[in-house]
Amino acid sequence: MTPAFFDCSRRVKLRVTGADAARFLNGQLTNDLRKAAATSAIQASILNAKGKLSAHVFVSVDNDGAFLLDADSQLREELPARLERYIIADDVQVEDVTDQFSILHFLGERPAVATLSRTVASERFGSAGWDFWSPRAPEAELRQPFSERFVFCDDVCAETFRIERGIPRWGRELTNEIIPVEANLEASSIDYEKGCYIGQEVISRMKMSGQTNKRLCGLVSISGAPLTADMRLTSQTEAGKDAGWITSATNSDRLGSEIALGYVKRGFNETGTHLLAGEVPVQVTPLPFV
């Protein structure tokens, strides 16, 4: 199978520097910043005091020791403002470098090609992959050197692939009303052994209780009828009882099914549970989709 690559250049990119940068960021992130390196990125969430998401980011270190954060393009204004709000007397500078860099992401255990670009291991789709950071270039020029050996996955392809992999996306599964544990970000982006950060009390309390009010789940259309984002989920056994909502949906040629991601409330999110999405019967399934 020919390996695939993705263009992530539209993501917002911030460079954080200063004598207090490491201490400051560690007080903002759910993951331990010490795990980030020049050759590998970590995932982390940035929360408000109620434990709800302000952003989900990838963090690495550049060759000068500065921290590079990248996040969904929708957060270009919101993310730097959120960080700067907590810089009081700290020696910390946050610079927007979005327009300075392009990012291509390749699936695979090792770098796909030899390149002079900065190469960073990252798991953007729930499996091993690599980011190539390079000076910003036009799309055609950026992708051309790789087009003969790799299959480019455009926006439509990438959206289907991330739904199949159960990867939450900002503006869909990830919003300011979601707690990261609900979005299945616990294993990839939360370190329970690190020091304090904003929102930690809520996250720790959820870990102790072992319960969430809702959970991001996979959904499969039983009848084959299409599913759409924002469809409400209801119980089949308790007529009309609200069970959650769909956040993203697609037709998967690989799986031969109409599939969706959605938040399903406690009591309805066991694997195999049958629900209604509008009038369409669906079944709750584990993520990622097999």
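A salt bridge is a side-chain nitrogen of Lys or Arg within 4 Å of a carboxyl oxygen of Asp or Glu. By this rule, a search of the whole structure finds 24 salt bridges. The model is predicted, so local features need pLDDT of at least 70 and side-chain atom pairs count only at pLDDT 80 or more, while totals for chains, interfaces and linings use all residues. Residues are numbered from 1 along each chain as its sequence is written, and side-chain values use heavy atoms, with hydrogens and water left out.

Several salt bridges were examined in detail. Asp70 and Arg124 meet through their side chains, at 3.0 Å from N to O. Asp70 lies in strand β5 (residues 67-71) and Arg124 in the loop between β8 and β9 (129-135), so the pair ties together parts that are 54 residues apart in sequence. Strands (E, at least two residues) and helices (H or I, at least four residues) are DSSP runs, numbered from the N terminus. Both Asp70 and Arg124 are buried. Here buried means under 20% relative accessible area, exposed means over 50%, and partly exposed lies in between (1.4 Å probe, protein chains only). Arg124 also forms a salt bridge with Asp131, and their closest N and O atoms are 2.9 Å apart. Asp131 is buried too, as is Arg124. A network of salt bridges links Arg11, Asp70, Arg124 and Asp131.

Another salt bridge joins Arg254 to Glu164, with the closest N and O atoms 3.4 Å apart. This pair links distant parts of the chain: Arg254 is in the loop between β13 (242-252) and β14 (257-265), and Glu164 is in helix α4, 90 residues apart. Arg254 is exposed, at 55% relative accessible area. Glu164 counts as buried, at 6% relative accessibility.

Five strands form an open sheet. Their order is β8-β9-β7-β1-β10, and the pairing is mixed. β8 (118-121) and β10 (151-152) stand at the edges with a single partner strand each, so one side of each is left without a neighbour in the sheet. Two strands pair if DSSP finds at least two bridges between them. Strands of a sheet pair through backbone hydrogen bonds, either parallel or antiparallel. β1 and β7 (residues 101-107) run antiparallel and are joined by three bridges. Leu104 in β7 is the bridge partner of Asp7.

The largest pocket has a volume of about 1,000 Å³. A pocket is an open set of points on a 1 Å grid over the protein atoms alone, where a 1.4 Å probe fits, with protein on both sides within 12 Å along at least five of seven lines. The volume is the space filled by probe spheres set on the points. The lining (residues with an atom within 4 Å of a point) holds 40 residues. Arg11, Phe125, Arg162, Ile167 and Arg169 lie nearest the pocket centre. β1 (4-7), β4 (53-61), α4 (155-164) and α5 (186-189) each supply at least two lining residues. The largest share, four residues, comes from α4.

A single disulfide (a pair of cysteine sulfur atoms within 2.5 Å) is found in the whole structure. It joins Cys153 to Cys157, at 1.9 Å from S to S. The torsion about this S-S bond is about -100 degrees, so the disulfide is left-handed. Cys153 is buried, at 4% relative accessible area, whereas Cys157 is partly exposed, at 34%.
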